[in-house]
There are 2 protein chains.
Amino acid sequence: MLPFSRVAIIGMGLIGSSLARAVREAMPTVRLTVSDGDADVRARVLDLDIADDVTDNAGAAVVDAELVILAVPVGAMGAVAAEIAADLAPGAIVSDVGSVKGRVLADLTAALPGIAIVPGHPVAGTEKSGPDAGFASLFRDRWCILTPAKEGADSARVSAFWERLGAKVEIMDAAHHDRVLAVTSHLPHLIAYSIVGTASDLESVTRSEVIKFSAGGFRDFTRIAASDPVMWRDVFLNNREAVLETLGRFTEDLVALQRAIRWGEGDTLEALFTRTRAIRRSIIDEGQDTETPDFGRPH
Amino acid sequence: MLPFSRVAIIGMGLIGSSLARAVREAMPTVRLTVSDGDADVRARVLDLDIADDVTDNAGAAVVDAELVILAVPVGAMGAVAAEIAADLAPGAIVSDVGSVKGRVLADLTAALPGIAIVPGHPVAGTEKSGPDAGFASLFRDRWCILTPAKEGADSARVSAFWERLGAKVEIMDAAHHDRVLAVTSHLPHLIAYSIVGTASDLESVTRSEVIKFSAGGFRDFTRIAASDPVMWRDVFLNNREAVLETLGRFTEDLVALQRAIRWGEGDTLEALFTRTRAIRRSIIDEGQDTETPDFGRPH
């Protein structure tokens, strides 16, 4: 039996449109209504034919949905929730795909009193944005984290929904999610954005040299530094404390490494560089990255 | 006409063995002699059949070579050069593939008085090590930087050699090379090693959580943090000044970003995150990375 037979998705960017495609593929009988505020995006969604109904009105999209998924930047969740509040069907569950969970749980709870809320975060994505960038297999073998205030029948249905799309589900507390993701996602993005900014602002090395010789490692960082600016602005504004705490730890470790370089402590460097290999190995063994050298880039 | 008809390569790791394969493919009539201090590596090279002669003695490998390429960690260059000094043929050119050039130029010049020295650095590689990890197309469309003390007939021959292997050649001053690569390669590796170390040492987030949810961005950093520990130890010990200077700039920019997050300056964040997209675009346009989302990882 399908966990839901009528689903609404608000926001048709990379994640929303991937979700639409994945639902179509895995649960073709689900009635899928979607909305987006951008006319160009709606036109693309119609052309791509990845939903049954496309509207500019979030309220209209959710009218008889059993599951409503908000796929908008974290900072916009509260406003979108307020917009749909009056139109939700009795018994509807509201979920989302935002990368920050504490703030989203608070915003949705405030905007939707009495409604079942099961915040979610599929840990998956690419550096591309918009409805053309989405694809049905994005969530396959990736983890989707749910952070309901209380586990129960609602969170079980949302779990079953994500598992149908090929994802693995983990339930955790919203605050813990925000600490974990600060490490595995938010800090890496912040550092990537930062180093790409630094490299393009130097006087002694030209931008053209940075680009030409980027295959030495720098180009890896430019991928996530090409991610959606508004989405990531909102992540940092809404997971401030966990990000600042993790960043503090990183800076402390980096300064220790800086000191080891200054004093020529080769053993310290080699010991760290040896230890970090093991983590890559574990990530590959757990199916979270490819074994192929250089991420499988063409050579 | 071939730039060289007898070539020796000392060191059969990822780069040395890729070079051997590339020479075999692009210039099959070249007589190729190689050496490595590790018996297991020599056995693999024999099995792989990627050289005409394999020896444990660097001096024996270079005896009648017109071009000798040292493919050992930067810190070992001086000792290997001293080992081959007495065996070099008259007119032989000595080159290398090290990621640091100022120190290597100085070490080779001191160990090989009167010998033509053309230091080189192919800006290419993967996170894998050893002779099995090499492949012939590694240098295709990548830049190889040469840093001879003086340009002339010798550097022109070495340029022609790399171009035959599909590389593009740029000649620059060794000190400038070390500043450029500090940005495009050494700092990225240092930061990747550092963040992977930080993530595995936290109390509030387990190692298993870091691994599970690494697809949020962290896994990208683990690739270059799986690179050869000894090679990278030597890079940092031998390009200390340029690395520390670049690291200082990075830390300054990161602290500014930290402050923007603390004070909720969304416009500052969004402006940077928008600007960094353009660099990725240029790297793709210049053929230095793939346009395919997520580096072309399987989905």
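Biologist: What order do the strands of the open sheet in chain A follow?

Modeller: In this predicted model, the order is β3-β2-β1-β4-β5-β6, and the 6 strands of chain A pair in parallel.

Biologist: Which strands stand at the edges?

Modeller: Those are β3 (53-55) and β6 (116-118) of chain A. Each has a single partner strand, so one side of each is left without a neighbour in the sheet.

Biologist: And how many degrees does the twist average from one strand to the next?

Modeller: The average is 20°.

Biologist: Nice. Now for chain B: what order does its open sheet have?

Modeller: There the 6 strands run β3-β2-β1-β4-β5-β6, with parallel pairing. The edge strands of chain B are β3 (53-55) and β6 (116-118), each pairing on one side only. Neighbouring strands of this sheet are turned by 20° against each other on average, direction ignored.

Biologist: Which helix packs on that sheet?

Modeller: Helix α4 (residues 77-84) of chain B does, touching β1 (6-10), β4 (67-70) and β5 (93-96) of chain B. The direction of α4 makes about 150° with that of β4(B).

Biologist: What about β2 and β3 of chain B, in which sense do they pair?

Modeller: Strand β2 (residues 31-35) of chain B and β3(B) pair in the parallel sense, over 3 bridges. Within that pairing, Asp53(B) in β3(B) is the bridge partner of Thr33(B).

Biologist: Let's step back to the whole chain. How many helices and strands does chain A have?

Modeller: Chain A has 12 helices and 9 strands. Its C-alpha atoms fill a box of roughly 65 × 40 × 35 Å along the principal axes.

Biologist: What radius of gyration does chain A have, against that of a compact globule?

Modeller: Chain A has 21 Å, which agrees with the value near 19 Å that a compact globule of 299 residues would have.

Biologist: Into which domains is chain A divided?

Modeller: Domain 1 covers 6-172 and domain 2 covers 176-264. The C-alpha centres of these two domains of chain A are separated by 29 Å.

Biologist: On to the pair of chains. By what turn can chain A be laid on chain B?

Modeller: A turn of 180° does it, with a shift of 0.0 Å along the axis and an RMSD of 0.0 Å. The two copies are thus related as by a two-fold rotation axis. The same surface serves both copies, since 100% of the contact residues of chain A recur in chain B.

Biologist: How many residues of each chain are in contact?

Modeller: 94 residues of chain A are in contact with 94 residues of chain B. On the chain A side, helices that each supply at least two residues include α7 (174-199), α11 (240-262) and α12 (266-285).

Biologist: Which helix gives the largest share?

Modeller: That is α7(A), with 18 residues of the side of chain A that touches chain B. By class, this side of chain A has 48 nonpolar, 24 polar and 22 charged residues.

Methods: Residues are numbered from 1 along each chain as its sequence is written. Chains are lettered from A and ligands numbered from 1 in the order in which they are written. This is a predicted model: local features need pLDDT of at least 70, side-chain atom pairs count only at pLDDT 80 or more; totals for chains, interfaces and linings use all residues. Copies are superposed by least squares on the C-alpha atoms of residues with pLDDT of at least 70 in both. Two residues are in contact if their C-beta atoms, placed from the backbone, lie within 7 Å. Helices (H or I, at least four residues) and strands (E, at least two) are DSSP runs, numbered from the N terminus. Ala, Val, Leu, Ile, Met, Phe, Trp, Tyr, Cys and Pro count as nonpolar, Asp, Glu, Lys and Arg as charged, and the others, Gly among them, as polar. Two strands pair if DSSP finds at least two bridges between them. Axes are lines fitted to C-alpha atoms, for helices over the stretch in contact, and angles run from 0 to 180 degrees between N-to-C directions. Domain bounds come from an automatic or database domain assignment. The radius of gyration is taken over C-alpha atoms; the globule rule is 2.2 Å times the number of residues to the power 0.38.
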